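Thanks, everyone, for making the time. I would like to walk through one structure this morning, so please have a look at it as I talk.

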Amino acid sequence: MDKRSLYDGFSSLEVELRETLLRLAEMKEGLHELVEKNTTLEIENQRLREHLQELNQLSQASSDSDSSKQELSKSRMNLEKLYEEGFHVCNILYGSRRENDEECAFCLDVIYGERNK
């Protein structure tokens, strides 16, 4: 081998090594981005699990209160439904809309009050 081909061989190898280092740097940057995204998704996933657990607890508490609603008679359940839709069920304002869905003590007494009849 003459000096020229040896020099060309080293130059070619140097170019290949630089290209390889460039690709390696790009791969490293891509890996860094993936690790960041994975960490972000793990944190978000944990927060969503916690939120879901809170919702399940609220739902369970709601179902516990629903069991007390089932103790109402069918007619009182119908009145309760109308009340929850925003209408008065008391004898004073029966059928009129409740303003801003404010509670009405008379309606609540009709639905949940004790009746000794």
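I will begin with the basis of the model, then turn to the fold and the side chains.

This is a predicted model, in which local features need pLDDT of at least 70 and side-chain atom pairs count only at pLDDT 80 or more, while totals for chains, interfaces and linings use all residues. Residues are numbered from 1 along each chain as its sequence is written, and side-chain values use heavy atoms, with hydrogens and water left out.

The protein chain has three helices and zero strands, taken as DSSP runs, H or I of at least four residues for helices and E of at least two for strands, numbered from the N terminus. Of its 117 residues, 11% count as buried, meaning under 20% relative accessible area with a 1.4 Å probe and protein chains only, where exposed is over 50% and partly exposed lies in between.

How many salt bridges are there? The count comes to one, a salt bridge being a side-chain nitrogen of Lys or Arg within 4 Å of a carboxyl oxygen of Asp or Glu. The partners are E14 and R18, whose closest N and O atoms are 2.6 Å apart, and both lie in helix α1, residues 3-69, four residues apart, or about one turn of the helix. E14 is partly exposed, at 40% relative accessible area, whereas R18 counts as exposed at 57%.

Finally, the charged end of R97 sits over the ring of F87, 4.5 Å from its centre, and R98 lies over the face of Y83, at 3.8 Å from the ring centre; the rule asks for NZ of Lys or CZ of Arg within 6 Å of the ring centre and within 35 degrees of the ring normal.
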